[in-house]
There are 2 protein chains.
Amino acid sequence: MELPSRSIEEAVNEISKLPGIGKKTALRLVLHLIKQSKETTIDLTQALVKMREGIKYCKKCSNISDQDLCSICTSPRRDPSTICVVEDSRDVMAIENTGQYLGHYHVLGGVISPVEGIGPDSLQIGALIQRVQAQDSEVKEIIFALSPTMEGDTTAFYITKKMKDLPLKITSIARGIPLGGELEYTDEITLGRSIVARTVYDQN
Amino acid sequence: MELPSRSIEEAVNEISKLPGIGKKTALRLVLHLIKQSKETTIDLTQALVKMREGIKYCKKCSNISDQDLCSICTSPRRDPSTICVVEDSRDVMAIENTGQYLGHYHVLGGVISPVEGIGPDSLQIGALIQRVQAQDSEVKEIIFALSPTMEGDTTAFYITKKMKDLPLKITSIARGIPLGGELEYTDEITLGRSIVARTVYDQN
């Protein structure tokens, strides 16, 4: 499609670099911005620049943060004896959303994936080991909340090996049939695992 | 969803003001920008600001343009004796895309809609009349390419009345069954109109 102006073309090109946004959607957004006041565009772009320039990672858990330490690591209401190990900040948000977890986190920044050239050294694994080995460490339990893929399992296995001499309880979030899921539509591997890892029914 | 940083929250809020983008998509875009280099965000925002600040409207046809006059109005290869009247710049792009039209355009900026408080004076109708009445006007034909709605028809009717003393041929783009459309699924009004407005079959 030929566009009426070079500056529109450039804006459309930049917007359509974003994931899930094609040229047509980008053009719709640009024409929307043109219809609005100039302030709308200024506000949008300033918020983006401020966000991108101001973004920091917590020095303790590597979660996204405004400060040197994130609000979870500094909160007196969170239990520092448990660390939940996740791939990225989105996982932290997802778990926080459940309201079921009150411990700390550790964001790895990915999982070990030889195919993509991601080794243990490009992740925050060393920082995690340091955290639990520290003199003043109160950590008693590590919970793995990684993707149920070969890469996720490899990463959990690697970290577990590194921690084998430490007096820690190491657990993983439960795998099984999702709530509301139907048995007959569940894949065989999940169903098989859920039988092997069956839990004791509370009879009270 | 609780976000880990105020600046992310503000960026998400601004992005989700765009049409068709909700909070979840906005967050996905923000997290994408965080993963990319700072330059990605800078390039995107600069392109948007440049586009919004630099946007002009052609002084002749009101189409979006980089210059005082748009590339269609200044092109020596376009026929100035025909003016195609459209609602907005997107319609110009759509018609240009067909490659079937080589005349000029006139962008009204909308259609007459008493319900939305849009009268003839808030549109570029006066400018169109001036254009065809000008001493040096070469205009011989006006083609209406407006939406087939009551508002579109009203607008075409209003303009036609205003031009009734001028030696102009006034036409409208053809209404009928779309190519590839099936007769039985076409609505009755379109089908009825397409019979009344039947065209002579070329027997050569």
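**What the labels rest on**

Author: Let's start inside one chain: B:Ile83 stands opposite B:Ile142 in E5(B). This is a predicted model, where local features need pLDDT of at least 70, side-chain atom pairs count only at pLDDT 80 or more, and totals for chains, interfaces and linings use all residues. Residues are numbered from 1 along each chain as its sequence is written, while chains are lettered from A and ligands numbered from 1 in the order in which they are written.

Reader: What makes E3(B) and strand E5 of chain B a pair?

Author: Strands pair if DSSP finds at least two bridges between them. E3(B) and strand E5 (residues 141-144) of chain B run parallel and are joined by four bridges, so they meet that rule. Strands here are DSSP runs of E with at least two residues, helices are runs of H or I with at least four, and both are numbered from the N terminus.

Reader: How do you know that E3 and E4 of chain B pair, and in which sense?

Author: Strand E3 (residues 79-86) and strand E4 (residues 103-107) of chain B share five bridges, in the parallel sense. On that pairing, B:Cys84 stands opposite B:Tyr105 in E4(B).

Reader: What is the hand of the β-α-β unit of E3(B), H5(B) and E4(B)?

Author: That unit is right-handed. The word means that, with the strands pointing away from the viewer, the path from the first strand over the helix to the second runs clockwise.

Reader: Why is E4(B) called mostly covered?

Author: Four of the five residues of E4(B) are buried. Buried means 20 or more other C-beta atoms within 10 Å of a residue's own; 12 or fewer is exposed, in between is partly exposed, and C-beta atoms are placed from the backbone.

Reader: How many residues are in contact across the two chains?

Author: 46 residues of chain B are in contact with 47 residues of chain A, contact meaning C-beta atoms, placed from the backbone, within 7 Å. H3(B) gives the largest share of chain B's side, 14 residues.
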